[in-house]
Amino acid sequence: MNSVQGLLAASVISIQNSCFVYPACQNCFSRLILDSRRFSCLRCGCTGEAKDASYRYKLSLKIADTNDLFDITVFGSCLDPFFGVTAENLQRYIQDFNQLSGETNTESSTRALVQAVETCFIGKRFIFGV
């Protein structure tokens with residue numbers, strides 16, 4: 001699953017998602033189903049308390065090399081240097097910000113984060129392991 005088949009030098013054309021962090025199963029990395037108190041993984045059956053859920057990065061991009069366009073998704077801790085924190089900590093910062101600001105509508109914090117990610121990635125060239 002983590003083996004690189006080849007390298008692709010390409011530029012980021014657009015960001016395809018606005019949610020860059022998701023609750024992830026510790027066993028299989030699938031998205032967890034969260035309710036107010038519990039989490040469960042539909043793939044492997046793992047369960048636990050919602051406060052103990054782990055988070056992981058997922059960044060979907062449209063990229064272009066000199067000949068083609070590609071849709072790719074980058075997962076995990078390789079994104080830590082770009083965000084400056086782990087996915088766990090980013091999720092915590094977002095929750096804390098929303099609580100402190102009294103935001104019931106998280107649209108403004110999401111919009112600010114999307115704008116920051118677009119500034120960091122769009123138009124930049126990266127080498128992707130595919």
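Is Phe 29 buried, partly exposed or exposed? Hold that thought for a moment, everyone, and thanks for coming.

A word on the model first. This is a predicted model, in which local features need pLDDT of at least 70 and side-chain atom pairs count only at pLDDT 80 or more, while totals for chains, interfaces and linings use all residues. Residues are numbered from 1 along each chain as its sequence is written, and side-chain values use heavy atoms, with hydrogens and water left out.

Now the overall picture. The protein has 3 helices and 8 strands, where helices (H or I, at least four residues) and strands (E, at least two) are DSSP runs numbered from the N terminus. Along the sequence the order is β-β-β-β-β-β-β-α-α-α-β. The C-alpha trace spans about 50 × 35 × 20 Å along its principal axes. Of the 130 residues, 35% are buried; buried means under 20% relative accessible area, exposed over 50%, and partly exposed in between, with a 1.4 Å probe and protein chains only. If we take contacts between residues at least 6 apart in sequence, 58% of them join residues at least 24 apart, a contact being heavy atoms within 4.5 Å.

Back to my opening residue. Phe 29 is partly exposed, at 40% relative accessibility. You will find Phe 29 in the loop between β2 and β3 (33–34), and its phi is near 65°, a positive value in a residue other than glycine.

Let's move to the helices, starting with α2. Helix α2 covers residues 87–100, so to speak 14 residues, and reaches 20 Å from its first C-alpha to its last, close to the 20 Å expected at 1.5 Å a residue; the expected span is 1.5 Å times one less than the number of residues. Its buried residues are Ala 87, Leu 90, Gln 91 and Asn 98. These sit on the same side of α2, because they cover an arc of only 100° around the axis, the arc being that of the directions from the helix axis to the C-beta atoms. As a reminder, an α-helix has 3.6 residues a turn, so residues three or four places apart point the same way. The face of α2 turned away from the buried side carries the exposed residues Gln 99 and Leu 100. What covers the buried residues of α2 includes β2 (21–24), β6 (54–64), α1 (80–83) and α3 (107–121). After α2 comes Gly 102, with a positive phi near 70°.

Next, α3. Helix α3 has 15 residues and reaches 21 Å from first C-alpha to last, close to the 21 Å expected at 1.5 Å a residue. Buried here are Ser 109, Val 114, Val 117 and Phe 121. Seen down the axis of α3, these buried residues fall within an arc of 135°, so they line one face of the helix. On the other side of α3, Gln 115 and Thr 119 are exposed. The buried residues of α3 pack against β1 (7–15), β6, α1, α2 and β8 (125–129). Gly 123 follows α3, and its phi is positive too, near 85°.

For the method: on a 1 Å grid over the protein atoms alone, a pocket is an open set of points with protein on both sides within 12 Å along at least five of seven lines, and lining residues have an atom within 4 Å of a point. The residues lining the pocket include Gln 91, Asn 98 and Ser 109. By class, the lining has 5 nonpolar, 7 polar and no charged residues; Ala, Val, Leu, Ile, Met, Phe, Trp, Tyr, Cys and Pro count as nonpolar, Asp, Glu, Lys and Arg as charged, and the others, Gly among them, as polar.

Ser 40 is in strand β4 (residues 38–40) and is partly exposed, with a relative accessible area of 24%. Not counting residues up to four places away in sequence, Ser 40 touches Leu 32, Ile 33, Cys 46 and Thr 47. Gly 6 lies in the segment before β1. Leaving aside neighbours within four places, Gly 6 is in contact with Phe 128, Gly 129 and Val 130. Happy to chat about any of these!

Note on methods: On a 1 Å grid over the protein atoms alone, a cavity is a set of points where a 1.4 Å probe fits but cannot get out, and a pocket is an open set with protein on both sides within 12 Å along at least five of seven lines; lining residues have an atom within 4 Å of a point.
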